[in-house]
Amino acid sequence: MFWKKITGGADVQIKPYEHKVQYYETDKMGIVHHSNYIRWFEEARVDYLEQVGRPYESVEEAGVICPVISVECRYRTMTHFGDRVLVKLWVEKFNGVRLVIRYEISDKESGEVRCTGSSTHCYLDESGKLVNLKDVDRTLFDIYKEDLNTHSR
């Protein structure tokens, strides 16, 4: 369940984000409401940044914001209250200004894929102007580039 990522010469074990489905995330039938999968994508992105040693707060402290400009989600099978899911993510495209992340959410116990998706982001300075991450946060730029190279298909 772990994959290796090399950043600045150091090996970092990246593990999928784990989430236990809460009652409030479900509908009357105990099935997860579709909007929650998008929230889990975000939780996994935040967790990923923490695992690579670049918490989101540090990105914002560098004067950079990374809004979502699009999101896509394909639902495969139902998730229920009490289930534990794993969210795997990887960089699919990255050019310094635009980032596309892919996701796969699967049941922790069975491994069955519950949902797949992607989110597209851009990088802005505090005034809302597009910036190249390479110019404002070289560490994170290198992390994403390495992930992209590792997961190129």
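Visitor: What volume does the largest pocket have?
Guide: On a 1 Å grid over the protein atoms alone, a pocket is an open set of points with protein on both sides within 12 Å along at least five of seven lines. Points join across faces, edges and corners, and volume is the space filled by probe spheres set on them. For the largest pocket, that volume is about 210 Å³.

Visitor: What is the mean pLDDT of the protein?
Guide: This is a predicted model, where local features need pLDDT of at least 70, side-chain atom pairs count only at pLDDT 80 or more, and totals for chains, interfaces and linings use all residues. Residues are numbered from 1 along each chain as its sequence is written, and side-chain values use heavy atoms, without hydrogens or water. pLDDT (the predictor's confidence in each residue, from 0 to 100) reaches 70 or more in 92% of the residues. The mean is 91.

Visitor: Which element gives the largest share of the pocket's lining?
Guide: The largest pocket has 16 lining residues (those with an atom within 4 Å of a point). Arg-45, Leu-49, Tyr-56, Cys-66 and His-121 lie nearest its centre. α1 (35-51), α2 (56-61), β7 (98-107) and α4 (138-150) each supply at least two lining residues; helices (H or I, at least four residues) and strands (E, at least two) are DSSP runs, numbered from the N terminus. The largest share, five residues, comes from α1.

Visitor: How much space lies in the largest cavity?
Guide: A cavity is a set of points where a 1.4 Å probe fits but cannot get out. The structure holds one of 30 Å³ or more. The space in the largest cavity is about 70 Å³.

Visitor: Which element gives the most to the cavity's lining?
Guide: Twelve residues line the largest cavity, and Ile-14, Lys-15, Pro-16, Val-87 and Leu-89 lie nearest its centre. α1 and β6 (84-94) each supply at least two of the lining residues. With four residues, the most comes from α1.

Visitor: Why does Glu-104 count as partly exposed?
Guide: Glu-104 sits in strand β7. Buried means under 20% relative accessible area, exposed over 50%, and partly exposed in between (1.4 Å probe, protein chains only). Glu-104 counts as partly exposed because its relative accessibility is 23%.

Visitor: How far apart in space are Glu-104 and Leu-86?
Guide: Leaving aside neighbours within four places in sequence, Glu-104 is in contact (heavy atoms within 4.5 Å) with residues including Leu-86, Val-87 and Trp-90. Glu-104 and Leu-86 are 18 residues apart in sequence. In space, C-alpha to C-alpha, they are apart by 8.0 Å.
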